[in-house]
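Subject: Structure for your review

Dear colleague,

Please find the structure below, with the sequence alongside it.

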Amino acid sequence: MSKSVDNLAKIKHSLTRRNRAEARFRWYGRIAIFIGLSAVAVLFVDIISKGHGAFQATYINLDVSYNQDIIGIDNLMDSTQLVAGDWQALSKTALRTKFPQVSGRSDKRELNNLLSSGAGFDLKDRLMAKPLLLNETESIWILADDDIDTYYKSWLDGDAYAARLSEKQIGWIDELHQQDLIRLQLNTNLFTRGDSREPEQAGILGAVMGSILTLVLTLLLSFPIGVSAAIYLEEFAPKNKWTDFIEVNINNLAAVPSIIFGLLGLAIFINFFHVPRSVPIVGGLVLTLMILPTIIITSRAAIKSVPPSIREAALGMGASKYQMVLHHVLPLALPGMLTGAIIGMAQALGETAPLLMIGMVAFIVDIPGSFTDPATVLPVQIFLWADSPERAFIEKTSAAIMVLLTFLIIMNTSAVWLRKRLERHW
Amino acid sequence: MSPANTDKPSMLKKAAAAKGMPMQNLEVDDHQVTVGQSFSDNAKMTMRNINVFYGDNQAIHDVSIDIAKNQVIAMIGPSGCGKSTFLRTLNRMNDTVEGCRVEGDIRMDGENLYAPKLDVVELRARVGMVFQKPNPFPKSIYDNVAYGAKIHGLADTRVDLDEIVENSLRKASLWKEVKERLHQPGTGLSGGQQQRLCIARAIAVSPEVILMDEPCSALDPIATARIEELIKELSENFTIAIVTHSMQQAARVSHRTAYFHLGKLIEVNPTEQVFTMPQHRLTEAYITGRFG
């Protein structure tokens, strides 16, 4: 009797100790989650606070007269005239009409610097779209120069950054502001243009298209190859030293630094097979090499998780091994395989280093339209902009990061959604 | 004898001693000859001198037995005695096990099942199997039953397939319960219904022999009773070999009973005789519950 009372006391004593240990462990977990979440929060707050400005750009309202004498053309259908035309004169004339008191070479140059150097070409596009405007005058919002953009945004926020502007330019901006002729507008250039040396004209469409083309090729190559390899290794290959050797090496490949895949791609695809450099084909090939191990490993795990009883049932019915795999194993393993593929693709989307090796770091203004057009990709674009000296590229960089993160979030969310959607319970 | 098997009998002896039972020699002679009536004049399948190895480990020692046509033969014996392994040699399911090797002569209607040119796919269409744990495919009830007919190309039209599905479900006495929900998942049925679905799936391809590996071990007594009923009905048209842990079940459903012990076939006799007048001391020890 006394012994059982004794035991009870011991159990009670150990119980408090165990409960305390459990409570402590819960707190460790909470703290770990908190640290992780705050890191993410800091990242997002920092990037959004720096990058949100890039989604707006400064525009100046001017009366533009599309006078054919100013441009120096007499026929809008003549392409040689169009190329030779002095389109910049349109915006310069409009500025001088607005500020007639400005005289002197350097003052005039400062005045012209209010507008983006691409303003003339925007006006040309406008005229080509509406030829009836020739020799007419219209009031139009014209893109401002990046230094003006930086100054005006910071001035609106109450912390004016005027280091790159002259007193006179600041005066003109004040004047325009008082007349409501300068304002922030949605920056459509960001989403419709390729890269540019001029920050106000730079957009990420080129990089987005480059990423999409590269990833489409990566998916088309890596998913079938990875899944076939996983099915063969898991279901058909004899278990011997060779398959062990292959398994070890697949795991090794998954841990190889990605820049080495870039060097491999440079040596094999570009130097040996003479695939053109800087194009989505070579990017897709290199990223395929890089994410194949991930896809093979996750696909094998998905195949392994299919209960053996289903295999036995199929074989017992007289299904061939191929039918067993095709009819039963593959449908059950597919959600896991797709999740793995999407995680691999997300990894590929964020990859920079190997692409630097195969020339996708080139400065490319044109938006790539096919697998053989020179292209760059989102993370490389971020790298390029972060590397640029112009202050206006700071917010562009953050904006590009936001676009990249958006794509990553969409991909990872769809991975979770697909898994939930396709998962079958048995 | 491989060394892995040597300590098992001594464990059994200890167990018997612990229960306060008279010490008895439970070891098997190396030159054990199966007692009783191993052979049949009306054999569907004949097995001669079967040895099965898993790597270096021998699981079945020199077993010879006939399985008679349109009869139920029950395999009983303590866990690990090799009865499931033996059953799986009959449709070559052991082929799928890494390192498993089968020696001996197994014939169905005189045809050698281990002949190099024999296709296991055809064999498994002729020798169906029902597993211990109900394992319907995660597909609809209809697709489960229709699967075998589809892969073997047994039905030319949709109507034929419907007929095969209905007949198989009727034979498995499941039709009434599921006819309203043929296109719902088979995994949504109760355990007993799932096992009858698996039986329906197996008989849908009209096999000649059905192997059952402890088909009721995961089921409650009522579901078990229904399956046993079904086995009796099926034995009119099919040859059935069933492995069971339940001696009552063997007694209820089978015509002949084979007792396995440590990979050896000890005794084969008509079921009634095995349970009333076992010929071998080991059979007697097992059925009287002295070990197992």
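In chain B, 69% of the contacts with a separation of 6 or more are between residues 24 or more positions apart; two residues are in contact if their C-beta atoms, placed from the backbone, lie within 7 Å. This is a predicted model, in which local features need pLDDT of at least 70 and side-chain atom pairs count only at pLDDT 80 or more, while totals for chains, interfaces and linings use all residues. Residues are numbered from 1 along each chain as its sequence is written, and chains are lettered from A and ligands numbered from 1 in the order in which they are written.

Chain B has 11 helices and 11 strands; these are DSSP runs numbered from the N terminus, helices being H or I of at least four residues and strands E of at least two. Of the 292 residues in chain B, 43% are buried. A residue is buried if 20 or more other C-beta atoms, placed from the backbone, lie within 10 Å of its own, exposed if 12 or fewer do, and partly exposed in between.

Where the chains meet, 19 residues of chain B are in contact with 16 residues of chain A. On the chain B side, α3 (120–126) and α4 (141–151) are the elements that give two or more residues. That side divides into 10 nonpolar, five polar and four charged residues. Here Ala, Val, Leu, Ile, Met, Phe, Trp, Tyr, Cys and Pro count as nonpolar, Asp, Glu, Lys and Arg as charged, and the others, Gly among them, as polar.

The largest nonpolar core has 141 residues, and I210(B) and A241(B) have the most contacts inside it. Such a core is a set of buried Ala, Val, Leu, Ile, Met, Phe, Trp, Tyr and Cys residues joined through C-beta atoms within 7 Å. Beyond its neighbours within four places in sequence, A241(B) is in contact with residues including I67(B), M75(B), L90(B) and V209(B).

A119(A) also belongs to helix α6 (residues 119–129) of chain A, whose buried residues are A119(A), G120(A), L123(A) and L127(A). These lie on the same side of α6(A), because they cover an arc of only 100° around the axis, the arc being that of the directions from the helix axis to the C-beta atoms. D125(A), M128(A) and A129(A), on the other side of α6(A), are exposed. The buried residues of α6(A) are covered by elements including β1 (56–65), α4 (88–98) and β2 (137–143) of chain A.

Two residues other than glycine have a positive phi. H274(A), with a phi of about 55°, is in the loop between α12 (258–272) and α13 of chain A. H274(A) counts as exposed, because it has 8 C-beta neighbours inside 10 Å. N70(B), with a phi near 50°, lies in the loop between β3 (57–68) and β4 (72–76) of chain B, and its 15 C-beta neighbours inside 10 Å make N70(B) partly exposed.

Finally, P379(A) is found in helix α17 (residues 378–386) of chain A and counts as buried, with 20 C-beta neighbours inside 10 Å. P379(A) and E351(A) are 28 residues apart in sequence, yet their C-alpha atoms are 6.7 Å apart in space.

Yours sincerely
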